[in-house]
Amino acid sequence: MEKPLYSIRMRSSRSERHISGAERLAQPEGLDALAAEMVRRALQHDKGQADKIVLTLEQIDPSEIVHLSLPDIRTVQATSVDQGRAAALSLLAAAGVNADAALNAMDIMSHGAAPDGDSMRGAMLIDANSGRRLENDRYRGVRVSRMDLDSSAEILLKNVLEPAGLDNTHVRDALVLATKVMHAPGVMAELCWSDDPGYTAGYVAASSLGYVRFPMLKPLGEIRGGRSFFVTPGADLPRLVRYLERQTVLVDRVGRFLPDERWPQ
Ligand code: AMP
């Protein structure tokens with residue numbers, strides 16, 4: 001009989017302010033090491049030491065797992081944050097997102113997408129045509145959950161990321177999340193940059209583009225980050241949110257790692 005699989009997730013905060021989160025899937029014997037790693041991560045975050053850490057472990061029904069492949073990964077080197085954002089906007093337009101909707105989402109992210117001007121805990125849902133925000137809760141947004149890489153894909157990914165100096169949890173976790181999101185019913189593209197003040201990279205991902213990294217999508221020291229999921233007009237929102245929050249996704253294949261590009265080209 002197959003071993004049971006668990007979803008393990010961590011959320012940490014300080015004075016009620018979100019600090020970090022993490023999502024993994026594991027068999028029972030791997031759970032204690034992952035729990036320890038998540039607690040360490042929550043206590044050592046660049047945004048400060050958490051005063052509250054919530055760990056949730058939940059058994060997954062193996063018959064409900066969707067298996068996906070990582071997209072192709074490429075990096076666009078731009079000379080400044082502004083150039084990086086211009087390149088990201090041009091890719092979002094290529095993926096079918098209305099230019100004003102993309103620019104507006106970027107502006108909201110750079111000013112803090114939560115109503116108090118802070119980063120949200122999850123992602124905005126944005127109508128890819130009108131630019132209208134569709135998420136119910138503008139503090140929480142939608143949090144993508146229940147996804148991971150399997151162990152063989154993990155090794156293959158490490159082998160391609162390590163020589164490029166990209167073998168870190170930021171890149172790994174973002175790739176897994178973006179893979180799940182780009183296969184979501186009704187998501188056209190995603191834009192992300194981190195809320196970690198020491199991490200300036202971000203990405204645009206779409207099934208039509210792959211995963212495109214930008215080493216500088218926000219200034220160093222900036223604590224406002226975010227995610228925008230651009231939604232196909234008329235998409236079934238309850239179905240989309242259910243997929244993002246509840247569908248178990250195991251990434252078990254890797255894509256290609258393409259040579260760096262420059263912007264402007
Ligand atoms: P991070 O890449 O972890 O620094 O997160 C950057 C931003 O993405 C955060 O400020 C949140 O707005 C959003 N975010 C983080 N984790 C998730 C998640 N699991 N699902 C959706 N959005 C997330």
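Begin by selecting helix 2, residues 81–94, where helices are DSSP runs of H or I of at least four residues, numbered from the N terminus; inside it, Val81, Gly84, Arg85, Ala87, Ala88, Leu91 and Leu92 are buried, meaning under 20% relative accessible area with a 1.4 Å probe and protein chains only. Looking down the axis of helix 2, you find these buried residues within an arc of 160°, so they line one face of the helix; the arc is that of the directions from the helix axis to the C-beta atoms.

This is a predicted model, in which local features need pLDDT of at least 70 and side-chain atom pairs count only at pLDDT 80 or more, while totals for chains, interfaces and linings use all residues. Residues are numbered from 1 along each chain as its sequence is written, and side-chain values use heavy atoms, with hydrogens and water left out.

Now move to the ligand, which 15 residues surround, the closest being Met120, Gly122, Val144, Ser194 and Asp195; a residue counts here if one of its heavy atoms lies within 4 Å. Oxygen atoms of the ligand lie 2.9 Å from a polar backbone atom of Met120, 2.7 Å from a polar backbone atom of Gly122 and 2.6 Å from an N or O atom in the side chain of Asp195. Taken alone, the ligand exposes 480 Å², of which the protein buries 86%, with areas from the Shrake-Rupley method and a 1.4 Å probe.

Methods
Helices (H or I, at least four residues) and strands (E, at least two) are DSSP runs, numbered from the N terminus. The expected span of a helix is 1.5 Å times one less than its number of residues. Buried means under 20% relative accessible area, exposed over 50%, partly exposed in between (1.4 Å probe, protein chains only). A polar contact is a pair of N or O atoms within 3.5 Å; within protein, one must be able to donate a hydrogen and the other to accept it, and residues adjacent in sequence count only if both atoms are side-chain atoms.
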